[in-house]
Amino acid sequence: MVKMKEQIPSWLELIQLDETDSTSNQLKLHTQVKEMTVLTAEYQTAGRGQRGNSWESERGANLAFSILTAPKGVNASHQFILSQAISLAILETLKDYHCDFRIKWPNDIYWHDKKMGGILIENELMGKRIDRCIIGIGLNINQKEFISNAPNPISLSQITGKRENREQILLALLNRFHAYLEQIAQGIIQPIIEDYHQALYRNDGFYPYRDEKGIFLARIDHVEPQGVICLKDEKGDFRYYAFKEIKTILKDIELPN
């Protein structure tokens with residue numbers, strides 16, 4: 001990745017590596033942090049996704065990075081606002097390049113029925129508040145072929161038909177996320193919650209899901225401050241699910257949430 005020191009804002013510390021096991025693992029070693037410290041890598045040997053999955057990423061083709069921040073004024077019981085904020089920052093940045101991007105609950109980045117990226121968040125608590133937050137992000141930018149058994153990957157380049165500037169995308173989404181952090185620090189969170197709901201994948205009707213009891217049709221009603229999703233089924237009953245408790249059915253594919 002090209003060095004970008006002349007473009008780096010004062011609130012950002014940017015660390016760029018050629019290869020590491022995991023950008024999030026490396027950031028955990030940092031004891032001091034500016035408003036945001038970001039570590040990028042051209043290649044991760046042990047990149048992680050949700051539920052312990054690995055993340056396929058061609059060397060030098062995509063964005064693999066982690067953000068370390070110490071968010072102000074975020075209560076542990078409302079920590080999902082950070083997930084909503086980074087998801088929206090990514091989504092808004094990608095919409096500069098193409099339309100129809102959505103957020104699949106809790107924080108996967110989708111284009112139509114294809115997955116373009118994912119986010120893994122680890123929070124460290126101090127009492128009832130978030131002390132430090134490490135956000136690991138993988139975005140498929142310029143990869144042309146995917147060889148793993150992932151069911152539905154896609155890259156931005158496959159969508160736009162041209163090679164995209166990874167550095168430009170990274171700085172744009174970091175600026176947007178920093179603005180969201182300032183908004184959260186001021187206690188202005190309701191617009192973030194509302195925008196997140198509007199941006200959710202499949203928020204426009206009834207779709208098939210599977211839980212431990214079987215397949216059912218439901219629509220998204222809302223997402224709780226803790227990140228729990230509330231679905232309303234065809235009978236009008238509300239169903240609440242935490243991470244890993246439900247799967248989205250996409251044609252013949254079951255996508256874990």
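In the predicted model, strand 5 and strand 6 form a hairpin, with two residues between the strands. His112 lies in the turn and has a positive phi of about 55 degrees. The two strands run antiparallel and are joined by three bridges. Within this pairing, Ile109 stands opposite Gly117 of strand 6.

A hairpin is also formed by strand 6 and strand 7, again with two residues between the strands. Here the turn contains Gly127, whose phi is positive at about 65 degrees. Strand 6 spans residues 114-126 and strand 7 spans residues 129-139; the two pair in the antiparallel sense over 10 bridges. Glu124 stands opposite Arg132 of strand 7, and Gly118 has Gly138 in strand 7 as its bridge partner.

The loop between strand 3 and helix 2 contains Val74. Val74 counts as buried because its relative accessibility is 2%, under the 20% cut-off for that class. Leaving aside residues up to four places away in sequence, Val74 touches Gln79, Ile81, Leu82, Lys128, Arg129, Ile130 and Ile184. Ala41 is 33 residues from Val74 along the chain, and the C-alpha atoms of the two residues are separated by 28 Å.

Two cavities of 30 Å³ or more are present in the structure. The largest cavity holds about 90 Å³ of space. Its lining consists of Lys104, Trp105, Tyr201, Arg202, Tyr209, Ile220, Ile229, Leu231, Ile246, Thr248 and Asn257. Classed by residue type, the lining of the largest cavity comprises seven nonpolar, two polar and two charged residues.

Note on methods. Residues are numbered from 1 along each chain as its sequence is written. This is a predicted model: local features need pLDDT of at least 70, side-chain atom pairs count only at pLDDT 80 or more; totals for chains, interfaces and linings use all residues. Side-chain values use heavy atoms; hydrogens and water are left out. Two strands pair if DSSP finds at least two bridges between them. Helices (H or I, at least four residues) and strands (E, at least two) are DSSP runs, numbered from the N terminus. On a 1 Å grid over the protein atoms alone, a cavity is a set of points where a 1.4 Å probe fits but cannot get out, and a pocket is an open set with protein on both sides within 12 Å along at least five of seven lines; lining residues have an atom within 4 Å of a point. Grid points are joined across faces, edges and corners, and a volume is the space filled by probe spheres set on the points. Ala, Val, Leu, Ile, Met, Phe, Trp, Tyr, Cys and Pro count as nonpolar, Asp, Glu, Lys and Arg as charged, and the others, Gly among them, as polar. Buried means under 20% relative accessible area, exposed over 50%, partly exposed in between (1.4 Å probe, protein chains only). Contact means heavy atoms within 4.5 Å.
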